[in-house]
Each structure stands twice: as structure tokens, then as C-alpha cells.
Amino acid sequence: MNVAANTRVLSGMRPTGRLHLGHYHGVLKNWIALQHEYECFFFVADWHALTTHYETPNIIPENVWDMVVDWLAAGINQGSATLFIQSKIPEHAELHLLLSMLTPLSWLERVPSFKDQQERLQERDLATYGFLGYPLLQSADILIYKAGLVPVGEDQVAHVELTREVARRFNHLYGIEPDFATQVEQAIKKLGRKNAKLYKNLRSNYQQQGDHEAIAVAQALLANQQNLTVKEQELLLGFLEGSGRVILPEPQPLLTKTAKMPGLDGQKMSKSYANTIALRDEPSKIEKALRTMPTDPARVRRTDPGEPDKCPVYQFHEVYSNMDVKQWVAEGCRTARIGCLDCKRPVIDAVLAELAPIQQRAAEFAAQPELVRNIINEGCEVARETARWTLDEVKHAMFLNYR
Ligand code: TRP
Ligand code: SF4
């Protein structure tokens with residue numbers, strides 16, 4: 001796919017806890033690289049946090065500010081990216097409402113995260129209207145900025161896919177300009193009753209369900225029509241793929257391809273597994289956590305050989321160590337020439353070295369709350385301006401622009 005450099009990138013993060021190394025390696029490093037290549041909008045998804053944490057909203061504000069400090073400390077640059085807080089831009093909510101009018105319930109019910117999360121978070125009652133609408137709110141977040149690329153993890157691709165379907169449906173319903181419509185109608189008439197019906201069905205199968213075979217059949221159908229002028233043929237070809245006008249462009253997911261950051265127990269690092277190293281954990285706490293983290297369970301005594309492939313520590317080496325160190329670990333472990341604490345030393349040093357400058361900058365930003373608030377206020381202004389513009393177009397297309 002060919003992505004123009006002027007494509008806008010948008011992504012959000014839920015402020016439900018302290019950022020950890022999993023966020024840093026999985027998301028933030030990617031955002032930091034993108035901010036130099038694209039126009040980037042990054043936001044704190046506080047309404048999204050409420051969909052799961054509505055019973056404890058009090059935890060959200062502190063996480064919001066800690067998260068912004070962590071972003072800045074990690075290297076997100078307020079000069080290169082627009083940083084803002086979702087709930088400060090009410091246009092997201094208005095677009096969400098308007099999109100909800102045309103979004104079939106079944107599209108939301110079949111989003112995999114809906115059932116998965118309800119099962120995973122049994123202790124919370126997630127049978128709410130807000131939680132069902134979560135992916136559509138995410139669609140509004142994306143579409144209100146007409147973002148072309150949405151950096152997300154694997155679990156969020158379905159949400160971007162939903163966004164594409166909603167945008168397509170919106171454009172299909174409201175993107176047609178009056179004179180374009182009559183021209184198209186006249187050309188369709190020339191197809192004859194049977195073919196006209198077929199053409200319309202194929203088009204709506206493609207536009208509403210994304211059926212790519214349908215569009216190929218329709219193109220072939222048009223190619224075989226002798227009685228259409230070239231102009232009419234082009235008109236109908238264009239009408240197949242788009243409508244008159246694309247008001248809400250379809251975004252693409254940008255899958256984050258980074259090494260999986262293991263947690264202290266070897267599972268993926270995640271707050272819900274309580275296996276994290278937070279970006280702002282005390283160095284002494286980090287050192288202790290790494291020193292006491294589990295190793296290959298077969299290695300009970302120092303003299304027992306071990307197997308790096310069965311050891312979570314080795315996964316840390318995969319992230320932090322060069323070939324030489326990894327070689328040293330693999331051999332030393334399998335021959336019991338090195339102890340597990342020897343093996344952990346380079347990991348501990350690398351993690352602390354990585355976090356030292358981040359912690360230093362975090363302390364500086366945390367000491368200047370006014371500066372952080374200003375960065376966010378400025379970002380909110382820029383975001384709001386863009387969001388208003390899109391919302392105006394949407395309202396116009398939906399005949400909501402009466403005065
Ligand atoms: N749902 C995302 C997550 O849980 C956060 C999010 C909200 C988001 N709105 C977004 C991500 C828009 C990308 C684009 O991680
Ligand atoms: Fe794991 Fe290293 Fe110990 Fe081997 S030596 S078991 S890789 S910690």
C-alpha cells in the first residue's frame with residue numbers, strides 16, 4: 001500500500017494504570033518514530049477508560065496526568081505530535097451519537113473484544129450500553145480526524161475494520177451530491193431492468209459488506225454494456241467504489257511490529273498479570289523484581305544445567321542483549337557454568353540504563369504540572385479545531401445544519 005507522507009496518524013491509550021515496559025516497547029517507541037514521519041494525533045482515551053472503570057472513576061484523573069508525563073518522558077514530542085485528552089473534545093461524542101444511528105447492532109455484537117473482555121473481566125459488569133458502543137466510540141475518535149493510519153496492536157485491528165465499514169456505510173448513505181445522483185440514475189436506466197437491479201445489489205454488497213468479489217462482477221458487467229457511452233461507464237465504475245463524495249475516509253490499521261515484551265513471569269507484560277516493570281518504578285525495586293523473577297524451573301541448584309528456551313530471563317535477553325551476550329547465556333546456562341544471578345546482571349543493567357533518562361525526564365515534567373497542562377491545552381485546541389471541521393461536514397451531510 002502506498003501511504004502519502006501527509007497521511008494523518010491517530011492513536012489513543014486508556015489511562016487505567018501506570019505505563020510499563022510493555023507500553024514502551026510495544027507502543028511508545030513506535031509513536032516516537034511515527035511523529036517524525038507523519039502528522040500525529042495522540043490522545044488519552046479517558047472516556048474509553050470509563051467504559052470499563054465506571055465504578056471507580058476516581059482513579060482516572062491521576063492516571064491521565066501520569067500518562068502524559070510518561071509519554072513526554074519517553075520521547076513523545078509536543079512539537080511533533082498533537083497531544084490531547086478525549087473528553088476535552090466533545091465532538092467525538094457527537095460524532096459517536098450520529099454514527100450510532102446508522103451502525104447495525106450486529107456489527108458491534110460481533111466485535112471479538114466485546115465477548116472476550118466480558119469473559120476476562122468477570123468481576124466487572126460490562127453488559128452496558130457504553131461497553132457495547134466502545135468500538136464505535138473508537139471509530140468516532142478516528143473518523144473525526146480523518147486519520148489515514150491507526151497504529152494499534154493485534155487486538156485492536158477489528159476495531160479499525162469496524163471503523164472502515166462504518167465510514168463506508170456513512171459515505172454510501174450521505175456522500176452523494178444531487179446532480180451526481182441524477183446522472184448516475186440515468187446511466188443505470190440504460191442498463192435495462194435486470195442488469196440495473198444486479199448492478200445496484202452488487203454495489204451495495206461491496207460498499208456495505210466489503211464484498212470484493214461483488215465489485216469484480218459488477219466491473220465485468222459494465223465492461224459488457226455496449227450501449228453505454230464512455231462517460232456513463234466511468235460514472236458507474238466510480239459510483240461502484242465510492243459514492244459522489246468521500247466524507248469520512250477509511251483508515252488503515254498500522255500493526256505494531258515490535259519484539260514482544262515479556263513480563264516478569266514470561267507471559268506478555270500486562271497489568272492484569274501483575275508481571276510489569278513500570279517506567280517510573282524505583283531502580284531498587286526493578287533490580288529486586290528482576291533478581292527474584294523465576295528462571296527455568298528445572299534449574300533448582302546452581303550446578304543443574306538449564307534451558308534458556310524455557311526461561312523468562314532469556315526472553316529479556318532477546319529484547320536487551322546482543323549476540324555475544326546471548327551466546328554467553330545460552331552456553332553458560334546449558335553447561336551450568338554461569339549462575340542465574342550472573343545471567344540476570346546484563347538484563348538488570350540494560351533495563352536500568354534504558355529507564356534512567358526516562359525517569360530523569362519524568363521527574364522534570366512531574367515537577368512542572370503547569371507545563372504539562374499547557375502542552376495538553378494547546379493540543380486540545382488544535383484537535384478541537386480539526387474535529388469541529390469534520391463534524392460540520394458530517395452534520396451538513398446528515399441535514400442537521402439548519403439555523
Ligand atoms: N481501544 C484502544 C485500546 O484499548 C484505545 C483507543 C481508543 C484507540 N480510541 C482509539 C486506539 C482510537 C486507536 C485509535 O488500546
Ligand atoms: Fe534462565 Fe539464565 Fe538461569 Fe539459564 S542461567 S535458567 S537462561 S536465568
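Two strands are taken to pair if DSSP finds at least two bridges between them, where strands (E, at least two residues) and helices (H or I, at least four) are DSSP runs numbered from the N terminus. In the predicted model described here, local features need pLDDT of at least 70 and side-chain atom pairs count only at pLDDT 80 or more, whereas totals for chains, interfaces and linings use all residues. Residues are numbered from 1 along each chain as its sequence is written, chains are lettered from A and ligands numbered from 1 in the order in which they are written, and side-chain values use heavy atoms, with hydrogens and water left out.

Strand E1 (residues 8-13) and strand E2 pair in the parallel sense over six bridges. Within this pairing, Met-13 has Val-44 of E2 as its bridge partner. Strand E2 (residues 39-44) is largely enclosed by the rest of the structure, because five of its six residues are buried; buried denotes under 20% relative accessible area, exposed over 50%, and partly exposed the range in between (1.4 Å probe, protein chains only).

In overall terms, the secondary structure of the protein comprises 18 helices and five strands. The C-alpha trace spans about 85 × 50 × 40 Å along its principal axes. Of the 403 residues, 49% count as buried. Among contacts (heavy atoms within 4.5 Å) with a separation of 6 or more, 79% are accounted for by residues 24 or more positions apart.

Val-44 is also one of the residues touched by Ile-85, together with Asp-46, Val-64, Trp-65, Ile-376 and Cys-380, when residues up to four places away in sequence are not counted. Ile-85 lies in strand E3 (residues 81-85) and is buried, with a relative accessible area of 4%. The C-alpha atoms of Ile-85 and Ala-366 are separated by 18 Å, the two residues being 281 apart along the chain.

His-92, a residue of helix H4 (residues 91-102), counts as buried because its relative accessibility is 0%. Leu-137, Ala-140 and Asp-141 are among the buried residues of helix H8. Helix H8 (residues 134-143) is largely enclosed by the rest of the structure, since 10 of its 10 residues are buried.

The space taken by ligand 2 is the largest cavity. On a 1 Å grid over the protein atoms alone, a cavity is a set of points where a 1.4 Å probe fits but cannot get out, and a molecule sits in a cavity if more than half of its atoms lie within 2 Å of its grid points. The residues around ligand 2 (a heavy atom within 4 Å) are Thr-295, Asp-296, Arg-299, Cys-311, Val-313, Val-329, Cys-333, Cys-340 and Cys-343. By class, this shell has six nonpolar, one polar and two charged residues; Ala, Val, Leu, Ile, Met, Phe, Trp, Tyr, Cys and Pro count as nonpolar, Asp, Glu, Lys and Arg as charged, and the others, Gly among them, as polar. Helix H16 (323-334) and helix H17 (340-366) each supply at least two residues of the shell.

Ala-336, in the loop between H16 and H17, has a positive phi of about 60 degrees although it is not a glycine. Ala-336 is buried, with a relative accessible area of 14%. Ala-274 likewise has a positive phi, of about 50 degrees, and is found in the loop between strand E5 (252-255) and helix H14 (283-291). At 72% relative accessibility, Ala-274 counts as exposed. Most residues other than glycine have a negative phi.

Terms used
On a 1 Å grid over the protein atoms alone, a cavity is a set of points where a 1.4 Å probe fits but cannot get out, and a pocket is an open set with protein on both sides within 12 Å along at least five of seven lines; lining residues have an atom within 4 Å of a point.
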